[in-house]
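Reader: I am new to this structure. Could you show me how to read it, feature by feature?

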Amino acid sequence: MEVKIGLLGCGTVGSGVIELVQKRQDMISRLTGLQPKITHVLVRDPQKPRQVSFIDEQLTTNADDILEDSEIRMVIETIGGIEPARSYILRALQAGKHVITANKDLIAEHGTEILETAEHAGVDVYYEAAVGGAIPLIRPLKESLTANEITDLKGIINGTTNYILSKMTETGADFADVLKEAQELGYAESNPASDVDGLDAGRKLAILASIAFHAKVTLDDVEVTGIRTITAADVAYAHELGAVIKLVAEGTDRDGNLTLQVRPTLVVKDHPLAHVSDAFNALYVRGDAAGDLMFFGRGAGSLPTASAIVGDMIEVLRNLRMDTALRVRQLLLPHKRVRRGQGEPARYYVRLAVNDQPGVFAQIAAIFGQAEVSMETVLQKRSRQNSAEIVIVTHEVGQEQVTKALNALSAVNDVQTIHNVMPVIGGAQ
Ligand SMILES: NC(=O)c1ccc[n+]([C@@H]2O[C@H](COP(=O)([O-])OP(=O)(O)OC[C@H]3O[C@@H](n4cnc5c(N)ncnc54)[C@H](OP(=O)(O)O)[C@@H]3O)[C@@H](O)[C@H]2O)c1
């Protein structure tokens, strides 16, 4: 039996979906006993050259052709952004259509509304592609690992910043130059704020944490620091310390108290996350029964993302075959306490510029001592006339103590600037 599908959007991801469905048509029919058929594809500009071939009748600029067609059982949303994607998805659900989306912005901001609408209508919403591209994360967290209490999530979940930081490490170039090159090559958006300011990773962490920690988590709960302040000097110091800089998303659940942070982090080269380069993503998960797990793979791209979407599509077809829906319910998530500025104890990298005078380092050491922050490594270099640069790596310490020391440092006249502060992971503890 044929199952009619409407596809919203035919850009990078949508065209990958068409290609993969065409390629795997026979296999999908064999696996599910149903034949998926994309009958309509919604675009903005029908004259635009496309990467895939399809019959012209499929293309439409009118969403009603999909949303009001009662024969269409499933809608795949690859438009992106909040509106009109949100309205289209809500209308599809209200019309009894199952929905698959790759839209992390929408799930992170309006996930509850969308899931509630689906529940009410008795249909499913799948969004495996919204986090980690090809890497299966949502379903393992929601299904395979359900027997666990998950306590820790830690990973690299934004390809653009990982590409920029990898290139800065390889070439020694500064952030602005690498960003410009990444934009020219299409690896970064013309407006890169969502990626480089850490918001995209924050939204993805909110989605993962909601599922893993069974809690209502939104971007507002996540403390986010982007990578704009990372300079070639930080990258060079990281190298001297045997580390690379990565944008790391971290969530912990300690007896119902959550900490959720996205921060540039020094990752010592013996840590597996140090080797996750370019557009790759990786996520560590710790479950009380499963122990440590690591997921790794391509976090974006046409076919990698389509792989996740078509996997969801096959799941919906299986459900349709069994005449079932809402097997895995995701509602009624409670709010949990979110602790800010209280990340897990870690070593910290602190780079500061100070007046190049005798006694300044002694003042800094005294302040660290008063805050009970002990130093593991100190690098000191003269940078300019009357200015010295000091890089300190602390022993493992609570985030609150580091903040206390930094607040005290910023009041010292001889401290010119605190350039950067980052946690350090990996290395001998
Ligand atoms: N790109 C990736 O690697 C990747 C990875 C994971 C998740 N995602 C998510 O997947 C979604 C799609 O990303 P993408 O990279 O494929 O975007 P894209 O290349 O910009 O494609 C967007 C498509 O949506 C259509 N569209 C946009 N606004 C529309 C509107 N108002 N009405 C009708 N059609 C509209 C566009 O039509 P025209 O072609 O006519 O302009 C285009 O075909 C986003 O939510 C993104 O976050 C992307």
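Author: Start with a charged pair: Arg 228 and Asp 197 join their side chains in a salt bridge, 2.6 Å from N to O. This pair links distant parts of the chain, 31 residues apart. Arg 228 sits in the loop between β8 (223–224) and α10 (232–240). Asp 197 sits in the loop between α8 (193–196) and α9 (199–212). Keep in mind that this is a predicted model.

Reader: What is the general idea behind such a pair?

Author: Side chains of opposite charge can pair when their charged atoms come close. Here the test is a side-chain nitrogen of Lys or Arg within 4 Å of a carboxyl oxygen of Asp or Glu. By that rule the count is 25 salt bridges.

Reader: Are Arg 228 and Asp 197 buried, exposed or partly exposed?

Author: Relative accessibility decides this: under 20% is buried, over 50% is exposed, and partly exposed lies in between. Arg 228 has 42%, so Arg 228 counts as partly exposed. Asp 197 has 27%, so Asp 197 is partly exposed too.

Reader: Where do Glu 315 and Arg 318 lie?

Author: Both are in helix α11 (residues 302–321). They are three residues apart, about one turn of the helix. Glu 315 and Arg 318 form a salt bridge, with the closest N and O atoms 3.6 Å apart. Now apply the cut-offs again. Glu 315 is buried because its relative accessibility is 11%. Arg 318 is partly exposed because its relative accessible area is 37%.

Reader: Which strands do Glu 389 and Arg 351 belong to?

Author: First the bond: the side chains of Glu 389 and Arg 351 meet in a salt bridge of 2.7 Å, N to O. Glu 389 is in strand β16 (residues 387–394), and Arg 351 is in strand β14 (residues 347–355). The two are 38 residues apart, so to speak a link between distant parts of the chain. Glu 389 and Arg 351 are both buried.

Reader: Which residues are linked in a network of salt bridges?

Author: Asp 64, Glu 68 and Arg 91 are.

**A site from a record**

Reader: What does UniProt place at Glu 189?

Author: An unreviewed UniProt entry gives the feature "binding site" there. Now look at the model. Glu 189 lies in the loop between α7 (175–184) and α8. Glu 189 is exposed because its relative accessible area is 54%. Leaving out residues up to four places away in sequence, Glu 189 touches Gln 183 and Asp 195.

**The whole protein**

Reader: How is the protein divided into domains?

Author: Domain 1 covers 2–133 + 302–321, domain 2 covers 138–298, and domain 3 covers 347–425. The centres of domain 1 and domain 3, taken over C-alpha atoms, are 52 Å apart.

Reader: How many helices and strands does the protein have?

Author: There are 13 helices and 17 strands. The radius of gyration is 24 Å, close to the 22 Å that the globule rule gives for 429 residues, so the protein is as compact as a globular protein of that length. Along the principal axes, the C-alpha atoms fill a box of roughly 80 × 45 × 35 Å.

Reader: What share of the residues is buried?

Author: Buried residues make up 54% of the 429. The accessible surface is about 18900 Å², and 48% of it belongs to carbon and sulfur atoms.

Reader: What share of the contacts comes from residues 24 or more positions apart?

Author: Among contacts with a separation of 6 or more, such residues account for 73%.

Terms used. Residues numbered from 1 in each chain as written. Predicted model: local features only at pLDDT ≥ 70, side-chain atom pairs only at ≥ 80, totals over all residues. Heavy atoms only, no water. Helix = DSSP H or I, 4+ residues; strand = E, 2+ residues; numbered from the N terminus. Buried < 20%, exposed > 50% of the residue type's maximum accessible area, 1.4 Å probe, protein only. Domains from an automatic or database assignment. UniProt positions renumbered as here; feature names shortened; annotations may be inferred. Contact = heavy atoms within 4.5 Å. Rg over C-alpha atoms; globule rule 2.2 N^0.38 Å. Areas by Shrake-Rupley, 256 points an atom, 1.4 Å probe, with all protein chains shown as cover.
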